[in-house]
Amino acid sequence: MASLMVGRVLVNCSGRNTITFNVISRCWQQTYAACAPSVSTPSETIQQKTSVVPVFRQAGQYCDRIALRDIHGEYTYRGIFLSSRQFASEIRDYLGGNYQERVAFLCPNDATYVITQWACFMSGQIAVPLCSLHPPNLLEYYIKDSEANLIVTTPEHAPVLSDIASKLGRKLLIFDEALRVLAMKQAVRASKIITGVESDLTLCNGESSEDLDGGLAPEFYDKSDAIIIYTSGTTGEPKGVVLSHRNLEAQVTSLVEAWEWSRKDIILHVLPLHHVHGMINALMCPLYVGARCVMLPKFESARVWANLLAINMAATERVNVFMAVPTIYMMLIEEYDRIFSKNARMKEYIRAVCSQKIRLMVSGSAPLPTPIFHRWEEITGHQILERYGMSETGMVLSNPLHGERKPGFVGTPLPNVEVQIARTDTSQEPEVLVVGNSSGTRILSKDTTNGELWVKGPGVFKYYYKRPKATEKEFTPDGWFKTGDTAQYTENSYRILGRTSVDIIKTGGYKVSAIEVETHLLGHPDIQDVAVVGLSDMTWGQKVAAVVVPRENKEIILSKLREWAKDRMAPYAIPTVLKVVDKLPKNSMGKVNKKELLLEIFPETEQRKMNNKTP
Ligand code: MLC
Ligand code: AMP
């Protein structure tokens with residue numbers, strides 16, 4: 001029997017900066033049993049039926065099916081479950097047996113992310129996913145703000161996080177490669193069991209799934225929080241959106257129903273994992289139903305095309321679902337034009353493969369420009385399904401899986417979601433103009449159907465972490481979440497007309513606060529004043545543009561400004577357009593009217609937008 005040495009490096013940064021090595025030596029078979037935390041199994045079936053089922057709990061149904069393929073290899077549901085359970089018990093130990101502690105984690109887009117997230121859920125902690133694109137000061141902010149006592153990361157990010165952990169006095173746990181290997185080993189076992197297509201669909205037939213017990217009692221998940229996602233607001237610093245296990249389950253089951261997710265699906269995953277699009281829609285949904293996720297380390301046009309076309313891949317292994325932000329579709333179109341557009345046979349092949357083998361292609365996180373919708377249909381034969389959502393609400397509106405998908409529209413309410421459009425622009429009480437749910441929509445006003453979109457339902461988040469006032473402000477007294485998006489109901493479908501605030505910019509699908517960027521830029525020694533605006537752009541949706549007043553005798557150059565900003569801001573928040581002016585036009589309150597500023601400084605772009613050539 002082969003023995004496995006598992007080395008854990010725990011940097012205990014609280015005070016003494018000691019490093020302890022917790023070396024565990026176990027045989028493979030013993031590992032599964034010995035590392036299992038004590039399991040509270042459901043005592044009554046009735047309870048289980050009404051209780052929330054966290055995503056990891058579903059693994060018991062899918063055992064040896066492949067859950068994930070990443071750049072290292074394949075992982076079964078069983079493998080990921082057992083690795084996560086082992087990791088969960090370690091996490092719980094490090095947190096002194098406490099529950100609902102925040103665990104901030106920074107993992108690449110591969111199995112380590114899934115194992116760490118499941119381990120947080122199994123041990124009853126709240127996962128706080130971090131993003132590797134963020135500079136250290138931002139990572140530090142998220143860790144501090146979420147009061148994460150434990151930080152988990154993989155060796156490549158250890159140097160940065162170890163500095164932060166030392167500075168803040170937090171524990172740092174380095175993800176052990178052996179845990180990934182443990183999850184992977186199961187795939188080898190699975191490949192021996194699986195002999196053909198039918199058996200690949202075998203769930204836990206003939207095998208006991210008892211070894212896939214884990215996590216806490218069902219009632220625990222009914223009442224507890226699961227995850228904190230950071231999102232930018234109009235003012236101040238990013239806020240932590242707290243999603244409970246109940247929220248996650250509601251969001252996932254709504255999409256499973258609407259988009260008919262099944263265990264036959266294989267999704268190509270190319271999105272960041274610290275936002276709902278990549279984390280819930282493209283990862284939790286497939287894992288909830290026993291489907292497979294093919295995860296790339298990051299988006300790359302050529303790799304995506306290779307995976308979508310998968311020329312040498314067996315039919316049962318091919319990707320059939322894809323989800324992305326509009327920028328990604330635009331980049332894929334540009335790559336197609338570069339590589340394939342002169343090859344008529346290849347173009348025909350691409351259209352045939354995409355239309356026959358792929359069942360669903362989704363876009364969201366930002367408006368999908370109509371030209372992209374039409375061009376993609378020309379190339380692939382697919383009408384992209386556009387949907388609308390938000391970190392605070394999960395997915396809200398979606399074009400139909402079956403039926404007409406209208407470009408420029410985001411469809412109708414998803415199952416278990418209620419919406420209202422309300423007029424809020426007068427000094428009077430808000431007036432509800434439109435009410436809708438998945439059964440239908442009613443128009444209550446004779447004048448207009450344009451107003452702010454409000455959302456209610458079990459998927460809507462509970463609160464912003466440690467921000468009761470901000471939470472209260474975003475909800476109506478009767479519990480509707482005010483999205484800050486202007487919507488319209490027309491032609492039996494909803495449209496998103498834009499943000500009510502100009503200070504929220506969506507670039508490449510990322511939300512950026514103009515105020516936050518301005519605050520950073522005002523820290524530049526040569527900048528006296530600045531206004532940040534979102535400039536319409538076909539590829540990026542909006543580009544972050546800075547209109548800058550330099551200090552006397554100082555010069556501001558875009559390349560140097562970007563270099564300076566690199567250590568302070570997320571790369572997607574750094575302005576890519578710079579305009580230097582002598583003075584910013586301000587009103588009597590000392591405020592810049594950004595709509596007027598855009599027209600004055602970038603008249604061509606704004607004119608083009610008005611002519612509807614860009615989103
Ligand atoms: C990068 N570049 C930008 C830019 N970001 N230019 C303008 N605006 C931006 N925002 C430039 C770089 O400087 C570089 O230029 C070139 O583009 C390539 O940079 P990159 O960093 O390599 O880009 P890439 O990795 O290709 O990233 C593009 C992307 C990424 C679209 C893949 O932005 C992405 O993953 N977006 C998804 C965000 C997401 O998931 N949001 C969901 C939020 S949840 P040069 O000159 O150096 O080549 C949500 C709710 C919901 O919104 O409804 O889903
Ligand atoms: P985030 O806060 O990062 O979750 O971003 C949510 C915001 O993305 C929403 O409030 C919308 O402004 C925007 N958004 C998401 N999907 C769409 C869409 N299909 N069309 C227009 N805007 C969208």
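**Cysteines, helix packing and an open sheet**

Cysteine 354 is buried, with a relative accessible area of 0%; buried means under 20% relative accessible area, exposed over 50%, and partly exposed in between (1.4 Å probe, protein chains only). This is a predicted model, in which local features need pLDDT of at least 70 and side-chain atom pairs count only at pLDDT 80 or more, while totals for chains, interfaces and linings use all residues. Residues are numbered from 1 along each chain as its sequence is written, chains are lettered from A and ligands numbered from 1 in the order in which they are written, and side-chain values use heavy atoms, with hydrogens and water left out.

**Cysteines**

- A disulfide is a covalent bond between the sulfur atoms of two cysteines.
- With a disulfide taken as a pair of cysteine sulfur atoms within 2.5 Å, the count is zero.
- Cysteine 107 lies too far from any partner for a bond, because the closest cysteine sulfur, in cysteine 120, is 8.8 Å away.
- Cysteine 107 is also buried, at 8% relative accessibility.

**Helix packing**

- Helices (H or I, at least four residues) and strands (E, at least two) are DSSP runs, numbered from the N terminus.
- Helix α11 (residues 245-258) and helix α12 (residues 276-289) have axes that come within 9 Å and cross at roughly 80°; axes are lines fitted to C-alpha atoms, for helices over the stretch in contact, and angles run from 0 to 180 degrees between N-to-C directions.
- α11 and α12 are therefore roughly perpendicular to each other, given that 65 to 115 degrees counts as roughly perpendicular, under 35 as roughly parallel, over 145 as roughly antiparallel and the rest as oblique.
- On the α11 side, the contact (heavy atoms within 4.5 Å) includes Leu248, Val252 and Leu255, and on the α12 side it includes Ile280, Met284 and Tyr288.
- By class, the contact of α11 with α12 has nine nonpolar, three polar and one charged residues, where Ala, Val, Leu, Ile, Met, Phe, Trp, Tyr, Cys and Pro count as nonpolar, Asp, Glu, Lys and Arg as charged, and the others, Gly among them, as polar.
- Helix α5 (residues 111-122) also packs against α12, at an angle of about 80° with the axes 13 Å apart.
- In this second contact, Tyr113, Val114, Gln117, Trp118 and Phe121 of α5 meet Met279, Leu283, Met284 and Leu287 of α12.
- The contact of α5 with α12 comprises eight nonpolar residues, one polar and no charged.

**Helix α13**

- In helix α13 (residues 301-309), the buried residues are Ser301, Val304, Trp305, Asn307, Leu308 and Leu309.
- Alanine 310 follows α13 and has a positive phi, near 35°.

**The six-stranded sheet**

- Six strands form an open sheet in the order β20-β19-β18-β21-β23-β24, with antiparallel pairing; two strands pair if DSSP finds at least two bridges between them.
- β20 (440-443) and β24 (493-499) stand at the edges with a single partner strand each, so one side of each has no neighbour in the sheet.
- Strand β18 (residues 418-423) is joined to strand β21 (residues 450-456) by five bridges, and alanine 422 has glutamate 452 of β21 as its bridge partner.
- Five bridges also link β21 to β23, where tryptophan 454 stands opposite lysine 482.
- Strand β23 (residues 481-490) is largely enclosed by the rest of the structure, because seven of its 10 residues are buried.
- β23 and β24 are joined by six bridges, and aspartate 485 stands opposite arginine 499 in β24.
- The hairpin of β23 and β24 has two residues between the strands, and glutamate 491 takes a positive phi near 50° there.
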